[in-house]
Amino acid sequence: MQEPSLNEQLIPWVETISTLINSVLISLCFALMSSFWLNKITPLFLFIFGIPLLCLLFYSLLYKGRLIQKPHTITGKTWIYLIIFGLLISGGLYLRYPTSAHIHGGQDQGSYFNIAAWIAHHGTYERHDTLLSDAFRKKWPFAFNLIWNPYKNQGKPQKDIPGEYEGERFVGGFIVKSREEGRVVPQFYPLTALLLTTGHWMFGGRHTSDILPIFGILAVISTGLLAYRMFKSPFVAVLVFITLLFSGLQVFFSTFPVSEMISQYFLMTGIWFVLRAMEEESHALPLLAGLNFAVALFNHVSTLFYLIPIVIFIVLHRMASESRVEKRQILIFYYTFLAGLTVSLISARLYNGYYVYRNLIDKLKFLGNVNIDVVFILLFAAIAASAIFPLLYCTRPGKWLETRSDWMKCVLLSTSTLVILVVGLKLVLFNLHIISVRGSQYTFFSSINAHISPIGWLFLLLGTFLALLKGKARSTLLPLPVLLWFSVLFLFLAFLTEYQWYFARYYVKEFYPLSIIFMAYGIFQVSQYSLLKNIPGRALTAILALSLVLYSAYPNLYIFKKPFLNGAYEAMTDLDSKMKDHGIILLVPDRDRFAPPDSELRLSVPLVYSFDHDVIWLPLNRDLAQMTQIVTGYLTPYKRPLYLLYVGAKPLPRNLLPSGSKHITSQMHEFTEPERANGIPKALWQIKMGIHLYEL
């Protein structure tokens with residue numbers, strides 16, 4: 001009997017282990033969301049919800065669905081390849097640790113980090129702000145200093161925002177649901193913060209982000225498995241795996257506490273399960289695919305845009321497939337996705353609907369000034385229309401469109417050509433300054449060029465067209481529409497980048513890994529030409545593959561073992577140690593070189609969410625001492641410790657301090673600014689912030 005090949009031995013083992021891990025993570029995520037909806041986010045409730053969910057998944061999907069089957073026994077050289085695989089994974093993890101403790105507020109990463117700390121300490125997503133409630137109910141004269149309306153200078157009066165608005169103590173990233181009740185919730189979708197909370201429980205506050213490299217590595221493995229399912233080529237799968245494992249973009253976002261790597265993992269895994277479902281007769285696979293997309297829908301609002309390519313996929317699949325079983329499997333995936341989308345939007349409307357509303361209004365200008373309820377009605381109407389859409393195939397025109405595989409290839413080829421021409425034309429016109437967009441320094445295209453070389457773009461185009469022409473169109477029915485759709489969103493529509501590196505987060509989820517897959521396939525197809533099958537040809541192929549890996553890995557030189565905000569967590573912990581628990585802090589920012597413009601944001605979020613204080617901003621002027629005395633008069637009945645925190649180069653002069661104030665400490669906080677530190681080719685940017693604490 002012939003010994004099983006390497007692919008038959010190694011790939012099934014990796015697929016089996018990946019499926020098991022994915023089932024555990026899906027159970028964890030739905031357990032976290034259940035705890036979130038019940039407002040009981042604790043390890044105990046996580047255990048109560050998670051174990052039954054995990055048992056249900058293992059029994060119904062893995063055992064009954066027979067997804068877990070014993071692979072071939074590993075023999076011979078396969079052990080060597082397995083050891084190499086383990087060493088590569090270890091190297092990828094080494095690049096991704098240590099993670100950064102993004103304790104400063106003011107940007108998404110700081111908000112996520114501190115929200116996780118709040119949840120870990122209090123077991124709830126919502127925060128009841130007593131000071132905020134009392135200030136507005138009792139009409140304190142400084143109440144306006146507790147709330148900031150970001151639209152007051154943009155021609156949008158407060159009444160235009162339907163009961164909700166962003167801004168809590170001048171802290172972006174939070175929504176005040178009710179000023180009178182003091183109800184404050186984060187504006188973001190909850191799953192990333194909930195997963196970071198598990199990191200806080202497991203690794204401690206300083207290492208909250210240590211859970212993210214795990215998702216980063218798993219996303220790389222899933223993308224490699226997806227590449228293998230698409231093209232059945234070990235060369236393509238290995239090249240994709242190694243490129244993404246050491247990619248500077250992947251490494252960076254695997255240490256950065258935002259939603260992108262978590263979303264990438266579940267999205268790439270979901271697409272991989274869809275392709276498996278098209279090859280294997282199992283109803284468990286499409287259900288798992290839909291569940292992965294459902295999890296991603298609770299992680300970031302952008303996932304709802306997948307409705308378009310998934311509907312396109314349903315149409316293309318009907319044209320390509322003649323199997324009734326396979327069509328039923330794809331419908332299971334489709335309706336699981338729609339169910340997840342529906343529940344995620346209901347959850348969003350209840351908890352952070354304005355976040356969805358604001359993002360859609362800002363991006364979809366044709367919506368105009370419709371109110372929040374109309375926007376959600378339109379979204380639910382789109383889901384309802386998508387749900388009844390497959391019924392069209394019961395009609396005569398729908399039946400006529402089925403099994404038109406030759407048309408399907410023409411549709412994909414013509415659409416790919418059109419998208420490439422339209423996107424390319426706009427980029428050329430923009431770079432030639434024939435068209436311009438106000439406020440844009442460069443495009444997302446120029447940003448991603450830091451991670452995809454000019455030659456890489458050529459191989460991307462080559463791989464895309466050859467996949468359609470060489471009989472691989474069926475395996476690209478979902479990946480290619482996703483790639484083309486997000487090419488339009490991020491290369492054609494998105495011309496508003498400010499920092500190259502930070503805004504790479506918008507295309508790292510799906511566009512970047514799918515691009516690497518098609519680039520690797522383009523290189524593989526070049527290696528198959530008869531002229532390149534000799535030794536010099538193989539050397540050229542190896543050079544091309546190595547160039548892809550090295551160009552993608554090159555940005556690691558900027559970030560290798562250089563965690564952002566290095567020392568900031570220890571500095572904030574030391575500052576908190578100088579104060580008594582549950583204090584009220586009057587924050588006074590200066591505007592000198594030791595008071596960054598966003599220093600209020602950097603300090604307020606951690607003081608409130610990580611250390612459980614309350615913060616009120618006061619402006620720096622010659623009447624500061626009198627203002628402080630007035631404010632403390634309202635705060636004294638709370639019988640809580642009162643402090644004044646001044647940000648600037650030197651301590652405050654005595655004439656600006658109220659009588660009886662006592663200087664506690666002066667500190668100099670030094671750190672790097674995250675979004676600019678790796679703005680290739682910029683060097684690390686050092687920031688210094690002077691902190692002076694007084695007891696009142």
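D614 has a relative accessible area of 7% and is therefore buried, since buried means under 20%. The model discussed here is predicted. It holds 13 salt bridges, and D614 takes part in two of the pairs described below.

**Salt bridges of D614**
- D614 forms a salt bridge with R640, and their closest N and O atoms are 2.6 Å apart.
- This pair links distant parts of the chain, 26 residues apart: D614 belongs to strand β6, while R640 sits in the loop between α26 (624–635) and β7 (642–647).
- R640 is also buried, with a relative accessible area of 16%.
- D614 forms a salt bridge with R127 as well, with the closest N and O atoms 4.0 Å apart.
- Because R127 lies in strand β1 (residues 127–128) and D614 in strand β6 (residues 614–617), the pair ties together parts that are 487 residues apart in sequence.

**Salt bridge of E279 and R229**
- E279 and R229 form a salt bridge whose closest N and O atoms are 2.5 Å apart.
- E279 is partly exposed at 41% relative accessibility, whereas R229 is buried at 9%.
- Both residues belong to a network of salt bridges that also includes E15, K232, R276 and E280.

**Surface patch**
- L44, F47, I48 and I51 form a nonpolar patch on the surface, with about 400 Å² of accessible area together.
- I51 lies in helix α2 (residues 43–63) and is partly exposed, at 37% relative accessible area.

**Cavities**
- The whole structure contains 2 cavities of 30 Å³ or more.
- The second largest cavity has a volume of about 40 Å³, and its lining comprises 5 nonpolar, 3 polar and no charged residues.
- Among the residues lining this cavity are Y189, F298 and N352.

Conventions:
Residues are numbered from 1 along each chain as its sequence is written. This is a predicted model: local features need pLDDT of at least 70, side-chain atom pairs count only at pLDDT 80 or more; totals for chains, interfaces and linings use all residues. Side-chain values use heavy atoms; hydrogens and water are left out. Patches are made of residues with over 30% relative accessible area and no salt bridge: like charges are joined within 9 Å, nonpolar side chains (Val, Leu, Ile, Met, Phe, Trp, Tyr) within 5 Å. Accessible areas come from the Shrake-Rupley method with a 1.4 Å probe; for residues, only the protein chains shown count as cover. A salt bridge is a side-chain nitrogen of Lys or Arg within 4 Å of a carboxyl oxygen of Asp or Glu. Helices (H or I, at least four residues) and strands (E, at least two) are DSSP runs, numbered from the N terminus. Buried means under 20% relative accessible area, exposed over 50%, partly exposed in between (1.4 Å probe, protein chains only). On a 1 Å grid over the protein atoms alone, a cavity is a set of points where a 1.4 Å probe fits but cannot get out, and a pocket is an open set with protein on both sides within 12 Å along at least five of seven lines; lining residues have an atom within 4 Å of a point. Grid points are joined across faces, edges and corners, and a volume is the space filled by probe spheres set on the points. Ala, Val, Leu, Ile, Met, Phe, Trp, Tyr, Cys and Pro count as nonpolar, Asp, Glu, Lys and Arg as charged, and the others, Gly among them, as polar.
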